[in-house]
Amino acid sequence: MDLNADLGEGFGVWRLGDDEALLDLITSANVACGFHAGDPSTMRRVCATAVERGVAVGAQVGYRDLAGFGRRHIAYDFAELRDEVLYQLGALNAFCRAYRTRVRYLKPHGALYHAAACEELPAAALVAAIGDYDHELPLLCPSGSVLAQLAQGAGLRVVAEGFADRNYLPNGQLVPRSAPDALVTDPQEVARRAVRMAAERTVVAVDGSVIPCGVESICLHGDSPGAVAAAELVRATLIDAGITPTPFT
């Protein structure tokens, strides 16, 4: 099972999360590409450390929204969004090339992630950008989403991800972050959910129902309280259950 986390989400002198510690625990790093967070020096630093530790580097692309951390919806023209995604891919890959690697996958961030999950225009823009960049580039996104369907229709590899530290609605969608029960904060519970996702391919929704959750990657949010401790426990619990953390790429 792959373990991914959002990294490089500081800007300038500001740091968010403990990238160094998480890179010892995860197998895939979703690196901010400078639009919702991140900057050139941060991108270089994360790429260098990821390569050193054998972690796959993925482009975490977002809306051009530093002030809102990419979590505010922006109404984009199709071509403009496609080109901004392509721009971010190219920027991160330049730093990957400096360390003899390349961008291994793409994952949208924040408001773009949620918009593309249910709206055709942003989903189509993401698919078009990947097609322009590299048709073999995998896409990390929610299973069954509009984005996943369009990507599969275009012949792209879709990698379904789950969230051990987020609660789910009975319809399989995430509980909105605006809700008080959006996050799962108990590290023990996060670890139990991760093992269930990996071994049983299911998750328990907020109403107690058991829903399918066939995923190839589990996301751990690096900006959550106690993120590193939770990631350590998740990794150790998976290994104890006979599940080896391995990059999906």
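This is a predicted model: local features need pLDDT of at least 70, side-chain atom pairs count only at pLDDT 80 or more; totals for chains, interfaces and linings use all residues.
Visitor: Which residues of α2 are buried?

Guide: They are Thr42, Met43, Val46, Cys47, Thr49 and Ala50.

Visitor: What span is expected of α2, and what does the model give?

Guide: At 1.5 Å a residue, 18 Å is expected for the 13 residues of α2 (residues 40-52), and the distance from its first C-alpha to its last is 18 Å, close to that expectation.

Visitor: What makes Asp39 a cap of α2?

Guide: A side-chain oxygen of Asp39 lies 3.1 Å from the backbone nitrogen of Ser41, at the N-terminal end of the helix, and a polar contact requires N or O atoms within 3.5 Å. After α2 comes Gly54, with a positive phi near 75°.

Visitor: Why is Asp6 called buried?

Guide: Asp6, which lies in strand β1, has 11% relative accessibility, and buried means under 20%, so Asp6 counts as buried.

Visitor: Which side chains make polar contacts with that of Asp6?

Guide: The side chain of Asp6 meets that of Asn30 at 2.8 Å and that of Gln60 at 3.0 Å, and the cut-off for a polar contact is 3.5 Å.

Visitor: Why is Val13 called exposed?

Guide: Val13, in the loop between β1 (2-7) and α1 (19-22), has 72% relative accessibility; exposed means over 50%, and therefore Val13 counts as exposed. Together with Phe11, Trp14 and Leu66, Val13 makes a nonpolar surface patch of about 480 Å².

Conventions. Residues are numbered from 1 along each chain as its sequence is written. Side-chain values use heavy atoms; hydrogens and water are left out. Patches are made of residues with over 30% relative accessible area and no salt bridge: like charges are joined within 9 Å, nonpolar side chains (Val, Leu, Ile, Met, Phe, Trp, Tyr) within 5 Å. Accessible areas come from the Shrake-Rupley method with a 1.4 Å probe; for residues, only the protein chains shown count as cover. A salt bridge is a side-chain nitrogen of Lys or Arg within 4 Å of a carboxyl oxygen of Asp or Glu. Helices (H or I, at least four residues) and strands (E, at least two) are DSSP runs, numbered from the N terminus. Buried means under 20% relative accessible area, exposed over 50%, partly exposed in between (1.4 Å probe, protein chains only). The expected span of a helix is 1.5 Å times one less than its number of residues. A polar contact is a pair of N or O atoms within 3.5 Å; within protein, one must be able to donate a hydrogen and the other to accept it, and residues adjacent in sequence count only if both atoms are side-chain atoms.
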